[in-house]
Amino acid sequence: MGMTGELRTFSFADIFQIILSNRKSGLFVIEWEDINTVSYVKDGEIIFTRPIDKIHKVYTEKEFDSVIEKLRIPKQHLYKTVERFLLSRLDRRDGRFSLVDRLITYDSDYPVAYSIETLTMMSARLLEPEEVARKISEDMLIFELSSDYKQIAEKAKLNPQEAKVLSLIDGERTVFDIRKDAKLETLTVDRSLYGFLALGMIRRKKKERKQKPNVSLELLVKIIKRVKEV
Amino acid sequence: MKTIKKIKIVIAGPFSAGKTQFINTVSEIKTVKTERKTRAEGEKAVKEHTTVAMDFGKIRIDDEHELYLFGTPGQSRFDFMWEILGEGALGIIVLVDSTDPSTFHEATRIINYFQSRYSVPMVVGANKQDLPNAWSPRDVATALNISESENIPVVPVSAIDKEMVKETLIRLLELIRDELVS
């Protein structure tokens, strides 16, 4: 980790995708127009969120248990802070975010009420049409299922509409076909596809190549040699 | 007089990803540019001139062959050039400004476009790795939804560094070679 960006151009679904992919521990900081919040990420799960006046203060913290002890928050109530300071803001676009590696020690296990997979789908459901079009940009795109899509879908807690969209992904149907066959609103289908992509449940299927590259092996070897010499 | 056979590689990418610089760094001729002054407010703040049709550079291979590098315009209003330049290309390099996640979606759109139409080998160059705040190639790959099965390498590059530009080109050429022998 060690990334910054704007929520206006890089959505929560995109950020959660990075957190999920890295499965690291660190901090997810957002400078909103009204407040600053910091979410504590442990092994790719957001376990606690709180508002903070001065962001630099958070970088001096060493032990997570002493942080929540000081704030007098019992472990079983940590999820309420995620609800209050993160989930309630998933529809906002006014923040600037940072994902920061942070060596804060976690001494025990902490309950995770909202898995990163669940958060990703929750945020995908709130995407605007122009945001969805950033990744579901081609009617002709074909998606195929990843080998572990079932396990991920379980963690993501799909709703019936999303489950229906998922059932239509077969490595043959285009995005156009899925929209038509799902008989749902286009935005609902596209949000679902966006979320599945972010979760790694589906992936782009490359169009099969019918012909070999129009160049001989001998010439290609020569080109490689020539480029090395440039 | 012998006819020179042209071998085409396309350099695509969002606005200000470094495509013109990439071609300039490795081309043996002065890059042929079709630049105009930027007009859009957001673009003017980034750079004064931008490519409007294509950039073009080349490397002479032998007496009969030349490697042509065509750079596409970055703005989506010039999408129609992707089709023109993509036709007959041996491979595609998609450059991404690793320091600017706001452009990653445009890069995704470009990859989606080519992946759903032209099944040619593709390499993503995570450019501007020399700058602070550059996202790692691995994180860029995640943001662009590139899965391992797609066989699209995401390589670190700085378009001002000749060796890195050459390595990116060679990576693409090796992919093409693998397709030939498979």
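Colleague: Which residues of H9(A) are buried?

Modeller: The buried residues are Val189(A), Asp190(A), Arg191(A), Ser192(A), Leu193(A), Tyr194(A), Gly195(A), Phe196(A), Leu197(A), Ala198(A) and Leu199(A). A residue is buried if 20 or more other C-beta atoms lie within 10 Å of its own, exposed if 12 or fewer, and partly exposed in between, with C-beta atoms placed from the backbone. Eleven of the 14 residues of H9(A) are buried, and the helix is mostly covered. This is a predicted model: local features need pLDDT of at least 70, side-chain atom pairs count only at pLDDT 80 or more, and totals for chains, interfaces and linings use all residues. Residues are numbered from 1 along each chain as its sequence is written, while chains are lettered from A and ligands numbered from 1 in the order in which they are written.

Colleague: What makes the span of H9(A) agree with its number of residues?

Modeller: Helices (H or I, at least four residues) and strands (E, at least two) are DSSP runs, numbered from the N terminus. The expected span of a helix is 1.5 Å times one less than its number of residues. For the 14 residues of H9(A), 186–199, this should give 20 Å, and the end C-alpha atoms are 20 Å apart, so the two agree. Gly200(A), with a positive phi near 80 degrees, follows H9(A).

Colleague: Why are S1 and S4 of chain A said to stand at the edges of the sheet?

Modeller: Two strands pair if DSSP finds at least two bridges between them. The open sheet of five strands in chain A has the order S1-S5-S2-S3-S4, with antiparallel pairing. S1 (3–6) and S4 (45–51) of chain A each have a single partner strand, so one side of each lacks a neighbour in the sheet. From one strand to the next, the twist averages 15 degrees.

Colleague: How many bridges join S5(A) to S2(A), and how many join S5(A) to S1(A)?

Modeller: S2 (residues 26–31) and S5 (residues 96–101) of chain A pair over six bridges in the antiparallel sense, and Arg96(A) of S5(A) is the bridge partner of Glu31(A). S1(A) and S5(A) are joined by four bridges, also antiparallel, with Leu99(A) of S5(A) as the bridge partner of Met3(A).

Colleague: Why are H1(B) and H6(B) called roughly perpendicular?

Modeller: Axes are lines fitted to C-alpha atoms, for helices over the stretch in contact, and angles run from 0 to 180 degrees between N-to-C directions. Angles under 35 degrees count as roughly parallel, over 145 as roughly antiparallel, 65 to 115 as roughly perpendicular and the rest as oblique. The axes of H1 (residues 19–26) and H6 (residues 162–181) of chain B come within 9 Å and cross at roughly 100 degrees. H1(B) is therefore roughly perpendicular to H6(B). Phe22(B), Thr25(B) and Val26(B) of H1(B) make the contact with Lys162(B), Val165(B), Lys166(B) and Leu169(B) of H6(B); two residues are in contact if their C-beta atoms, placed from the backbone, lie within 7 Å.

Colleague: Which helix of chain B supplies the largest share of the side that touches chain A?

Modeller: The contact takes 38 residues from chain B and 36 residues from chain A. The largest share on the chain B side, nine residues, comes from H6(B).
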